[in-house]
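The following account leads from the contact between two chains to the parts that lie around it. Please keep the structure in view while reading.

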Amino acid sequence: MALITPLKTAAEQQLVEQFASIKAELPGAGAMRKLREEAFAGFETKGLPHRRLESWRYTDLRNLVREAMPLARRPARPQAVTDRLALQTIAGTRYVTIDGIFSPGDSDLAGIPPGVSVRGLAEAMTEAPDAIAAAFALPEVARDDSALMLNTAFAQDGIVVEIAPGTEVAQPIVLLSLGSGASEAAIVSRSLVKIGAGAKVTIVELHEGVGAAPVQLNHATAFIIGDGAEVEHVRMVTRQRAETVQVQSLLADLGAHVSFDSVAVAVNCGVLRQQSFLRYGGEHSRAALRGINLLRKQEHSDVTLVMDHAAAHGESRELFKTIVEGEGTGVFQGKVIVRQHSQKVDGSMKSHALLLNDGATMFNKPELEIFADDVVCGHGATVAQIDGDQLFYLMARGLPRPQAEALVLAAFVGEVSDMVSDEGVREIVSREIDCWLGQRDGAPKPGAA
Amino acid sequence: MAAVQETIDQVKSIDVTEYKYGFVTEIEMDKPAKGLTEDTVRYISARKNEPEWMLEWRLDAFRRWKTMTEPTWSRVNYPPINYQDIYYYAAPKSGASPQSLDEVDPAILETYKKLGIPLREQEILAGVAPENRVAVDAVFDSVSVVTTFKKELAQAGVIFCSISDAIQEHPELVRKYLATVVPVTDNYFATLNCAVFTDGSFVYIPKGVRCPMELSTYFRINEQNTGQFERTLIIADEGSYVSYLEGCTAPKRDENQLHAAVVELIALDDAEIKYSTVQNWYPGDAEGKGGIYNFVTKRGDCRGKNSKISWTQVETGSAITWKYPSCILRGDGSRGEFYSIAVSNGAQQVDSGTKMLHLGKNTTSKIIAKGIAAGKSDSTYRGMVSAHRKATNARNFTNCDSLLIGDQCGAHTIPYIEAKTATAVFEHEATTSKIGEDQMFYCQQRGLSEEEAVALIVNGFVKEVLQQLPMEFAVEAQKLITISLEGSVG
């Protein structure tokens, strides 16, 4: 059997040239540089992820990225960015990246809570390349992912947050990453969040685009969570240009007795791939990944997650709600792996989707991969339209159809948004959902009965 | 408690480390040289006196096969298969196309007697109500030995014969329908089958006929180093009904043997086909030595409106099972069903499931899959449910449950659920667990031993599927499940 080497696409060829010309300028010497080169070599053999790869079956990046945009430079600040920064939407301290580049001037560096340290990734890479290179290590189940290889190779900046053991951070730490949209660019960034044992914190990531130019965005946030820590994570991807192609990766390494709750919200997300790789390194940890995807027009949201139960007594909960209208495409690919010695694992994975019209598409692939016998694992997936009985019930009580539909839809996704425990954050999430529902054709106007 | 006692007796009466059907029949066989070349294809075609178009069709498939590569996406591991080290044809030397049972080699008849398959019509008749009779097509390695009740079936207009006979006697039907459900280049093993298929059954039920008896085929691999490439084609014309059963066994051998079958079902308007399989190929020993590699492509096409195809399978044998009986729901209002029990023990690997492709309006499908893994085995359910844009009001319900017995085995579920129309309603649920401690406690507290309790609970777990099997098969299948799980407790 002849080994077939596929020809590189134009975009892949451009990436090769880009890396060759820019690698010397990327921050981090020594181990970091070596890591980037290895990662890029890995990418070169694999190429951009495409639909023949099982984990990228429904999001063909090779097809979506026809041309590699140039890596973002520190932008001249457009007015739109300044205007957005003037809005402080969530109570808490805020740290800003613009086009993936840390912007200390816009960040609450003076207000960093005690026990917390925040700095730019580029700075950290320059100061301690070895330590950052170590923190860049990918979990076993994510090592084959060429989008992450690309992220490792090109990540030019991001935010490093460290929480000292035992620290309880009262207010959310908000990581705001704005796409300036000043020009077409590739934004490649990574944030590292290291949470010490017994600490308690809420981390909110907001990814917003403000400008007119579409971008290619590849961001990863890596959590390393110490024993007994309690972490809440919320990620919202909003206000993206329709042509923006985005990969958001969540990596989390959980110690023992950890509690990790994550809610991912995608509204007006362009073409978005959200991939999460969680590894249970210690026993008795619980994690919940939940999400809301509201899609219309040609929007595409692919939620792919791998829960790797490498330790016993783990608990995992996944619940994803997707509403698709127009020509949108929703994807859910979940995989729960229970390793041989990870007994007493309790896993439950659910994906529910509502398709509002013909032309809307939903792909569900909830997988279980189980090698231990004493486990309770289940998954459920449903696809349907709005329940006629529910509509009838509301309309029989005098609600016009649009209101009745809005109510049913709000309740459908509300199950997830209600799980955000921080009130301020929950409010922002609800507002985004209401706003999207309000933009539906025939939706009730604000203030209508 | 009668049912429980029956199970216990069943367990006791069978020496479980023995694969019951593992004997070998010593018989002189006619074989071409080992390996696969164009000459092998020509040899098979010539042996079967096939018309020119059939040979050309085979050769074309063979040429295409040479350009293909073996699929690797399934969750099974096996050493590379040397396709040149297999006999592609093996027929008993005596009795080429016997006209009656008297011409069949007594050794073969003895084999079927041992297997408990009635080939003499008068034996079947004794004490059996006419509606409970079963017509059998017995396939021994590469040839069909005998087909019973042919005459009686012909009176009803039903054609039931081996596919080789059908190519001779009903070429127009074969040409019209062959490879219209599973295209020649569908997959590696299907294409291989097209090139070298030997025997299998052909069934045609004319318009409006309800087949007067159950039809069945019994496949037996006997010869060493041979592959069996069966080909089955079932056509149910408008408004007809047929229930078809399939059983399979093979001798115990240390080396692996290949079985690559293609089964095509076609249901026209308002027709119904019920296809049941009890697959009990030799699974290999506890360490994974020997056993059959079962790479099978089974697909049904609900071509007509309001047609129905129902697959029921009990998978207990084979070292490797790679099998996805599927339904293409093309006709408006058509229905597809899939009921499966896959039991694996020892070092068996099962990767099985189904595809329900909703193309027509108001189509419905139901999938019930139960996997039981014990020993060091791996059991995977892989299924796809999809609704085309025009498949308005498509409905699916899927339930796949896995039961794990022991901590060395694995159970996996990989479902694909793809909806492209808003009016589709798809529900999928799956669970994986071990036998509940409370269930065990309840049974043991009432005096059952651990093994009896497991047998009872497992019977309950798979009952939903067993109910779908025709009566005589259900009993057999239940026995098989008890045997397969023997030795897995403790």
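**From the chain interface to the core**

Strand β18 (residues 361-370) of chain A and strand β22 of chain B form an antiparallel pair held over six bridges. Within this pairing, N364(A) faces I417(B) of β22(B). The model discussed here is a predicted one. β22(B) also pairs inside its own chain: strand β20 (residues 378-387) of chain B runs parallel to β22(B), with 10 bridges between them. In that pairing, D378(B) has G410(B) of β22(B) as its bridge partner.

How many of the residues of β22(B) are buried? The count is 10 of 10, and the strand is therefore largely enclosed by the rest of the structure. The burial applies to both faces of β22(B). One side presents G410(B), H412(B), I414(B), Y416(B) and E418(B), and the other presents A411(B), T413(B), P415(B), I417(B) and A419(B), all of them buried.

A further strand of chain B takes part in pairing with chain A. Strand β19 (residues 376-384) of chain A and β23(B) are antiparallel and are joined by eight bridges. Here G378(A) lies opposite T431(B) of β23(B).

The contact between the chains as a whole involves 32 residues of chain B and 32 residues of chain A. On the chain B side, at least two residues come from each of β21 (395-405), β22 (410-419) and β23 (425-434). By residue class, this side of chain B comprises 14 nonpolar, 11 polar and seven charged residues.

Attention now turns to chain A and its domains. Chain A is divided into domain 1 (10-73 + 94-385) and domain 2 (387-449). Their centres, taken over C-alpha atoms, are separated by 28 Å. Contact between the two involves 18 residues of domain 1 of chain A and 15 residues of domain 2 of chain A. On the domain 1 side, the elements that give two or more residues are β7 (200-209), β9 (230-238), β11 (259-267), β13 (286-295) and β15 (315-324) of chain A. That side of domain 1 contains 12 nonpolar, three polar and three charged residues.

Elsewhere in chain A, S180(A) occupies the loop between β5 (173-179) and β6 (185-195). Apart from neighbours within four places in sequence, the contacts of S180(A) are P75(A), P78(A), V81(A), I98(A), D99(A), V210(A) and G211(A). S180(A) and E208(A), 28 residues apart in sequence, lie 8.9 Å apart in space from C-alpha to C-alpha.

The largest nonpolar core has 274 residues, and those with the most contacts inside it are L355(A), V203(B) and A236(B). Strand β10 (residues 256-267) of chain B contributes the most to this core, with eight residues. The core also takes at least three residues from each of domain 1 and domain 2 of chain A.

Not counting residues up to four places away in sequence, A236(B) touches I205(B), V242(B), I266(B), A267(B), L268(B), A271(B), E272(B) and I273(B). Of these, A271(B) is placed in the loop between β10 and β11 (272-279) of chain B. A271(B) counts as buried because 29 C-beta neighbours are found inside 10 Å. Its contacts beyond four places in sequence include A236(B), D237(B), G304(B) and S307(B). D237(B) lies 34 residues from A271(B) in sequence but 6.3 Å from it in space, C-alpha to C-alpha.

In α4(B), residues 106-115, the residues I108(B), T111(B) and Y112(B) are buried. Seen down the axis of α4(B), these buried residues fall within an arc of 90 degrees, so they line one face of the helix. They pack against β2 (91-92), β3 (134-140), β4 (143-147) and β7 (214-220) of chain B. The face turned away from the buried side of α4(B) carries P106(B) and E110(B), which are exposed. Just after α4(B), G116(B) adopts a positive phi of about 80 degrees.

Methods
Residues numbered from 1 in each chain as written. Chains lettered and ligands numbered in written order. Predicted model: local features only at pLDDT ≥ 70, side-chain atom pairs only at ≥ 80, totals over all residues. Core = buried A, V, L, I, M, F, W, Y, C linked by C-beta atoms within 7 Å. Buried ≥ 20, exposed ≤ 12 C-beta atoms within 10 Å, placed from the backbone. Helix = DSSP H or I, 4+ residues; strand = E, 2+ residues; numbered from the N terminus. Domains from an automatic or database assignment. Contact = placed C-beta atoms within 7 Å. Nonpolar A, V, L, I, M, F, W, Y, C, P; charged D, E, K, R; others polar. Pairing = 2+ DSSP bridges. Arc of directions from axis to C-beta.
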